[in-house]
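These notebook entries record what I looked up in one structure. They are set down in the order in which I took up each topic.

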Amino acid sequence: DVQPGAVVERGAATRIRASFLLAGPLLARFGSAVMPPPGGDVIGRRRLDPHLDAFRALGATYEFRRDIHIDAPGGLRAGEVFMDEPSVMATENALLAAALTPGDSVIGNAACEPHIQDLARMLCAMGAAIEGIGSNVLRVRGAAELGGCDHTVGPDHIEIGSFMGIAGVTGGEIRIKDTEPDDLRMVRLAFGRLGLHSEFEGRDLLVPGGQDLKVQSDLGDHTCRVQDGPWPAFPADLTSIAVALATQCDGQVLIHEWMFESRMFFVDKLVGMGANILMMDPHRAIVHGPRRLAGARVESPDIRAGMAVLMAALCAEGRSEIGNIRQIDRGYERIDERLRALGARIERVVADPTPAH
């Protein structure tokens, strides 16, 4: 029998991908979890296998019916987990499960993005012992119980990168306070190759206004390339932002998003606004800039593509209307209020559905 609290409500789970992060804690605490397939952005196939492989390495079994039934009747046991891909959320799930499993566990080929490091530090403050934070091998000494702690969530490097892009396409100046400089090394490097300069003043990141964005070609005048990958490579969640930024940069750049086969399909919305983008295949797009964009009525297909479209609207001539903005809201809280505070002319309205590109 499934114990109370180990069943995740279907309606809530199917609205967000992160709902599956409840599986690890529920499994460690109750010995079972019934998980509906999670929702989230439609950016390509997003495997749950690394999560389930991790649970199996810690002594659980699972069965996929209408929902995913995961069981460890005798409780989880410490073990060695090796990810077949460095999945961010699967690493987090393995960490959460191992932290509540007494004994020493090892998570190999782990993802090591800043938010995983942040989670690991919080678990340490709650009573777990984790070595290797920031590397791709995590050694976890779990505890039967964890305690409370005071923890400040670290800055979101994806949101910071998005605001950097907004400043770039609009020519505005922005100061982003209390960042984590080490988390932004690759973002600043990649955006710097697109001509967007940024600098630190203490922990504040400053993007000067009025920049002449000129793409830096590779040696031999070869096309500049921005390619994503697991941390510390350029974040996959910023490839859409890089595409929008590149539309306003002087030169040619190849954006290579190899991790998700549907993430780049939003570029037709930018093309409809006047961008010069050639899709080579589902993973690669060549952007020629700068191009003057025109306002349009468009839909937000997912969180990051929605922000890319919003960036385009902010620098386009004329009025734009963006539908399905709940997608943007999922990743950028009160985005309209914050952009108005920066001088943008933007308002949130409730309107009848109208045709969109």
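**Entry 1. Basis.** I worked from a predicted model.

**Entry 2. Strand 1.** I began with strand 1, residues 32-35, and asked whether its faces are covered or open. Both faces are covered. Ser32 and Val34 are buried on one side, and Ala33 and Met35 are buried on the other. I recalled that side chains in a regular strand alternate between the two faces of the sheet. I then looked up the partner: strand 1 pairs with strand 3 (residues 68-71) in the antiparallel sense, over four bridges. Opposite alanine 33 I found isoleucine 70 of strand 3.

Entry 3. I next took up an open sheet with the strand order 8-10-9 and antiparallel pairing. Strand 8 (174-176) and strand 9 (199-201) are its edges; each has a single partner strand, so one side of each has no neighbour in the sheet. Neighbouring strands are turned by 30° against each other on average, direction ignored. Between strand 8 and strand 10 (residues 204-207) I noted three bridges, and arginine 175 stands opposite leucine 206 of strand 10. Helix 6 (residues 157-170) lies across strand 8 and strand 10, at about 170° to strand 8.

Entry 4. The open sheet with the order 11-12-14-13 has mixed pairing. Its edges are strand 11 and strand 13 (276-281), and each has a single partner strand, so one side of each is left without a neighbour in the sheet. I noted an average twist of 20° from one strand to the next. Strand 12 (residues 251-256) and strand 14 (residues 284-289) run antiparallel and are joined by six bridges; leucine 254 has isoleucine 286 of strand 14 as its bridge partner. Helix 8 lies across strand 12, strand 13 and strand 14 and runs at about 165° to strand 12.

**Entry 5. Helix 5.** Helix 5 (residues 114-126) has 13 residues and reaches 19 Å from its first C-alpha to its last, close to the expected 18 Å. Its buried residues include Ile116, Leu119, Ala120 and Leu123. Among the elements that cover the buried residues of helix 5 I listed helix 4 (88-99), strand 6 (129-131) and helix 6. Glycine 127 follows helix 5, with a positive phi near 125°.

**Entry 6. Aspartate 228.** I found aspartate 228 in the loop between strand 11 (224-227) and helix 8 (239-246).

**Entry 7. Salt bridges.** Arginine 263 does form a salt bridge with aspartate 237, with the closest N and O atoms 3.0 Å apart. The two residues are 26 residues apart, arginine 263 in the loop between strand 12 and helix 9 (267-272) and aspartate 237 in the loop between strand 11 and helix 8. Arginine 263 counts as buried at 2% relative accessibility, and aspartate 237 as partly exposed at 27%.

A search of the whole structure gave 27 salt bridges. In one of them, arginine 47 meets glutamate 85, with the closest N and O atoms 2.5 Å apart. Arginine 47 lies in the loop between strand 1 and helix 3 (49-57) and glutamate 85 in the loop between strand 4 (80-82) and helix 4, so the pair ties together parts 38 residues apart in sequence.

Terms used: Residues numbered from 1 in each chain as written. Predicted model: local features only at pLDDT ≥ 70, side-chain atom pairs only at ≥ 80, totals over all residues. Heavy atoms only, no water. Buried < 20%, exposed > 50% of the residue type's maximum accessible area, 1.4 Å probe, protein only. Pairing = 2+ DSSP bridges. Axes fitted to C-alpha atoms, helices over the stretch in contact; angles between N-to-C directions. Contact = heavy atoms within 4.5 Å. Expected span 1.5 Å × (residues − 1). Salt bridge = Lys/Arg side-chain N within 4 Å of Asp/Glu carboxyl O.
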